[in-house]
Every structure is written in C-alpha cells, then in structure tokens.
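Biologist: I'd like to learn how to read a model like this one, feature by feature. Could we start with the charged side chains?

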Amino acid sequence: SGEIAAVNEACNKCKSVGAKRAMLLPVSGAFHSPLMQSAADAFEKFLEPVSFQTPCCPVISNVSATTEKNPLKIKELLLKQLTSPVRWVDSVASLASFGCGTCLETGPKEVLHGLVKKCDSTINIVSCGTATNIFSLKSE
C-alpha cells in the first residue's frame, strides 16, 4: 500500500529478484498506510461519540494480531487499522489458536477464504456474503 509510483517500483524490484507475482491490486485507496491519515482523522471524529461494549468473545485486531476484549482498546485499534499495516499471517495464527470448528467470511466475495487457507489449511472457512446465507447455516 502506498503511492502508485512507489508500489509499481516495489513490484518491479520484487520481480527482478525472483518473485513469482507482484501486481497492483484494484483498490480505491492506499488502505492500511499513513496515506490514509486524513480518513483516520475523520473516522476518529465519527467514532468519538460511539460507545463500545465489552464483546462476548475476543476480537482479533489486524494491527496487533492479538485478542482484545477491552472496549476502549478495541476502539483505538479500529482507528489505527486505517493507517497501520495488516498483520495478516499473525492474525490467522491467533485465530487458529482458538481451535474453533468453523469460521465465517461475511464479505461479498471469497478473498479472505483463500488468504486464510494459504496461511493455515486446517482452518475451516465458510463464505457467506449475505444475511440469508448466514441464517441458512443455522439449519445445517
């Protein structure tokens, strides 16, 4: 994530030293980088009046790759996630440490499903992009 010219240069350097694939992703912003600071400033103002409650289960933050239950810390990490790198591999390892049976990917596509499987093939993931999909799992 970063300025387009810098990301292109990084891709070229990776390829020149043997990377199998390095490419620009079709995204609308330099997410998870300092270039998102103005969005983070606006999001901080939005989050300020929002009251977070203690979750019923631990939340794994992309920023720390650790579990968190403290509502104030979760709010802080949610804000930091806009400008901080994603610790994906560590986050998946943290998820795997729970030993849960099935994880649900609730986004519209199956991007995370594939990324999780590359990190830990033992995690069972079900992609369900709509509320209907989620509720249908309840009857299975």
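Modeller: Side chains of opposite charge can pair when their charged atoms come close. The rule here is a side-chain nitrogen of Lys or Arg within 4 Å of a carboxyl oxygen of Asp or Glu. By that rule, the count comes to four salt bridges. Bear in mind that this is a predicted model, where local features need pLDDT of at least 70, side-chain atom pairs count only at pLDDT 80 or more, and totals for chains, interfaces and linings use all residues. Residues are numbered from 1 along each chain as its sequence is written, and side-chain values use heavy atoms, with hydrogens and water left out.

Biologist: Which residue does lysine 13 form a salt bridge with?

Modeller: Glutamate 9, with the closest N and O atoms 3.1 Å apart. Both lie in helix α1, four residues apart, about one turn of the helix. Helices here are DSSP runs (H or I, at least four residues), strands are too (E, at least two), and numbering starts from the N terminus.

Biologist: Where do glutamate 76 and lysine 73 lie?

Modeller: In helix α3, three residues apart, again about one turn of the helix. Glutamate 76 is partly exposed at 34%, and so is lysine 73 at 32%.

Biologist: And arginine 87, what is its partner?

Modeller: Aspartate 90, with the closest N and O atoms 2.9 Å apart. Arginine 87 is partly exposed at 37%; aspartate 90 is also partly exposed, at 37%. Elsewhere, salt bridges that share partners join Lys73, Glu76 and Lys80 into one network.

Biologist: Let's go to helix α4. Is serine 91 buried or exposed there?

Modeller: Serine 91 counts as buried, because its relative accessibility is 7%. For contacts, look for heavy atoms within 4.5 Å. Leaving aside neighbours within four places in sequence, serine 91 is in contact with Ile60, Ser61, Asn62 and Ala65.

Biologist: What does serine 94 touch?

Modeller: Ile60, Ala65, Thr66 and Thr67, not counting residues up to four places away in sequence. Serine 94 lies in helix α4, residues 88–96, and counts as buried at 13%.

Biologist: Where is leucine 25 found?

Modeller: In the loop between α1 (4–16) and α2 (37–47). Leucine 25 counts as exposed at 60%. With Met23, Val27 and Phe31, Leu25 forms a nonpolar patch on the surface, with about 400 Å² of accessible area together. Patches take residues with over 30% relative accessible area and no salt bridge, joining like charges within 9 Å and nonpolar side chains (Val, Leu, Ile, Met, Phe, Trp, Tyr) within 5 Å. Areas come from the Shrake-Rupley method with a 1.4 Å probe; for residues, only the protein chains shown count as cover.

Biologist: Now zoom out. How many helices and strands are in the chain?

Modeller: Six helices and four strands, running α-α-β-β-α-α-β-α-β-α from the N terminus. Of the 140 residues, 21% count as buried. The C-alpha atoms fill a box of roughly 50 × 40 × 30 Å along the principal axes.

Conventions
Buried < 20%, exposed > 50% of the residue type's maximum accessible area, 1.4 Å probe, protein only.
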